[in-house]
Amino acid sequence: MPLSFPRRWLAALAIALPCLAAIATPAQAQRRDGRVGYRGAAEIWQVEENGRFHRCFALFPGPGGGARIFFTRDREYLITTPDVPPQRGLLTMAINTPRGIIGLDARRVGPANAPQRVLAPLTGMQASQMLDIRRDFTFTVDTRSFRYPLGNATMADIFESLESCTNSGSGWHR
């Protein structure tokens, strides 16, 4: 027995809505962060993008999202900090270490209509210079100073955790 018009319409709608929902979803990168542990006062996080491992980061919690040191599957080190008031000229970052100050050129990242973060890449040599940091991770971005306690870990311990996390996420073994 044929379905009445309203029932045919409802049956078609029941089939079409899930298809439309799948098609109408905007194309965007799917990112998933998961905390994998702690090292001292730093939280160690693993990030997947589009279902694939991309990087690990050490989060030093604090206002504005805290500071983060990243180690990517491409073996790159990056550091991000909370936003700072705009200044004229280049945006700079200076990290205090026992072996001297590391000077970095930085840039703002993130959407223009929201608080942005400050990002600076670290060379392997600069990352090695940071390994001697103990007790507090201190740096300035332009004229704003930041201080994050390391807890019962050294920066070398935190970098070791970052590299282990990235090696594990990438399927690499030491």
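This is a short tour of a predicted model, stop by stop. Residues are numbered from 1 along each chain as its sequence is written, and side-chain values use heavy atoms, with hydrogens and water left out. Because the model is predicted, local features need pLDDT of at least 70 and side-chain atom pairs count only at pLDDT 80 or more, while totals for chains, interfaces and linings use all residues.

**Disulfide**

Select C56 and C165. They form a disulfide (cysteine sulfur atoms within 2.5 Å), with their sulfur atoms 2.0 Å apart. C56 sits in strand β3 and C165 in helix α3 (residues 155-170), 109 residues apart; helices (H or I, at least four residues) and strands (E, at least two) are DSSP runs, numbered from the N terminus. The link is left-handed, with -70 degrees about the S-S bond. C56 is buried at 0% relative accessibility, and C165 is buried at 7%. Buried means under 20% relative accessible area, exposed over 50%, and partly exposed in between (1.4 Å probe, protein chains only).

**Salt bridges**

The structure holds nine salt bridges, each a side-chain nitrogen of Lys or Arg within 4 Å of a carboxyl oxygen of Asp or Glu. Stay on helix α3 and select E160, which pairs with R39 of strand β1 (residues 31-39) across 121 residues.

Next, select R31 and D33, whose closest N and O atoms are 2.8 Å apart in a salt bridge. R31 is partly exposed at 45%.

Then go to D83 and R108, a salt bridge with 2.5 Å between the closest N and O atoms. D83 lies in the loop between β5 and β6 (91-97) and R108 in strand β7 (residues 100-109), so the pair ties together parts 25 residues apart in sequence.

**Largest pocket**

Select R31 again, now with H54, R55, R68, F70, L78, T80, V109, R117 and L119; these residues line the largest pocket. A pocket is an open set of points on a 1 Å grid over the protein atoms alone where a 1.4 Å probe fits, with protein on both sides within 12 Å along at least five of seven lines; lining residues have an atom within 4 Å of a point. The lining divides into four nonpolar, two polar and four charged residues.

**Positive phi**

Finish with R135, in the loop between α2 (124-130) and β9 (136-141). R135 is not a glycine, yet has a positive phi of about 65 degrees.

Methods. Ala, Val, Leu, Ile, Met, Phe, Trp, Tyr, Cys and Pro count as nonpolar, Asp, Glu, Lys and Arg as charged, and the others, Gly among them, as polar.
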